[in-house]
Each structure stands twice: as C-alpha cells, then as structure tokens.
Amino acid sequence: SLSRAQVGQLLTITTSDGSTQNYRIRTIRHVKNTAVEILKNTPNPQITLYTCSGWFDRSRLVVIASP
C-alpha cells in the first residue's frame with residue numbers, strides 16, 4: 001500500500017521488457033486534489049506516485065522517488 005511508503009525506501013520498477021530501475025523515495029506529502037503541479041515535468045528524472053486520500057478523496061498522497 002502506498003500509505004505505508006517511507007522516505008529512504010527503495011522502489012524497483014520493472015518495465016514490460018523485463019528491465020528494472022531502482023528509485024529511492026525522497027518525498028512524501030499530502031496535497032489538495034486540485035494540485036495538478038505534481039504532474040509537471042521536472043529537470044531531473046523522478047517517478048511520482050499518487051493516490052486519493054482524505055475525506056471524500058479531497059486530498060492526494062504523493063510519493064516522489066529518484067533513481
């Protein structure tokens with residue numbers, strides 16, 4: 001579950017061709033459900049995972065990890 005993620009935790013992503021890439025979680029935060037800036041491109045490679053949270057899904061849990 002994404003809600004159990006911790007800063008410093010290692011994520012391994014496996015692509016459809018079977019290759020893997022490791023990412024380390026560097027940020028976990030809650031944002032409003034209107035916070036579209038979490039989807040913007042960044043100058044450095046990262047993966048952004050998010051899910052609905054809060055009362056009536058009024059917020060998002062955002063986990064950002066870097067290679």
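**View 1. Ser53, a buried residue of strand β3.** Ser53 has a relative accessibility of 14%, so this residue counts as buried. The cut-off for buried is under 20%. Ser53 is part of strand β3. Leaving out residues up to four places away in sequence, Ser53 touches His30, Arg58, Ser59, Arg60 and Leu61. As in every view here, the model is predicted.

**View 2. Ser59, a contact partner of Ser53.** Ser59 belongs to strand β4. Ser59 is buried too, at a relative accessible area of 16%. Neighbours within four places in sequence are set aside for the contacts that follow. Ser59 meets His30, Val31, Lys32 and Asn33, among others. Its contacts also include Thr51, Cys52, Ser53 and Gly54.

**View 3. The open sheet of 4 strands.** The strand order is β1-β2-β4-β3, and the pairing is antiparallel. Strands β1 (10-14) and β3 (47-53) form the edges. Each has a single partner strand, so one side of each lacks a neighbour in the sheet. On average, neighbouring strands are turned by 35° against each other, direction ignored.

**View 4. The pairing of β2 with β4.** Strand β2 covers residues 20-32, and strand β4 covers residues 59-66. The two run antiparallel and are joined by 8 bridges. Arg24 stands opposite Ser66 of β4. Strands of a sheet pair through backbone hydrogen bonds.

**View 5. The largest nonpolar core.** This core holds 7 residues: Ala5, Leu11, Tyr23, Ile25, Ile47, Val63 and Ala65. Strands β2 and β4 are the elements that give two or more residues to this core. A second, separate core has 5 residues, including Val31, Ala35, Ile38 and Ile64. In soluble globular proteins, nonpolar side chains tend to be buried together.

**View 6. Tyr23 and its contacts.** Tyr23 is one of the residues of the largest nonpolar core. Residues up to four places away in sequence are not counted here. Tyr23 touches Gln9, Leu10, Leu11 and Ile13, among others. Gln46, Ile47, Ala65, Ser66 and Pro67 are also among its contacts.

**View 7. The whole chain.** The chain has 4 strands and 0 helices. Of its 67 residues, 25% count as buried. The C-alpha trace spans about 35 × 25 × 25 Å along its principal axes. The accessible surface comes to about 5000 Å², with 50% belonging to carbon and sulfur atoms.

Key:
Residues are numbered from 1 along each chain as its sequence is written. This is a predicted model: local features need pLDDT of at least 70, side-chain atom pairs count only at pLDDT 80 or more; totals for chains, interfaces and linings use all residues. Side-chain values use heavy atoms; hydrogens and water are left out. Two strands pair if DSSP finds at least two bridges between them. Axes are lines fitted to C-alpha atoms, for helices over the stretch in contact, and angles run from 0 to 180 degrees between N-to-C directions. Buried means under 20% relative accessible area, exposed over 50%, partly exposed in between (1.4 Å probe, protein chains only). Contact means heavy atoms within 4.5 Å. A nonpolar core is a set of buried Ala, Val, Leu, Ile, Met, Phe, Trp, Tyr and Cys residues joined through side-chain atoms within 4.5 Å. Accessible areas come from the Shrake-Rupley method with a 1.4 Å probe; for residues, only the protein chains shown count as cover.
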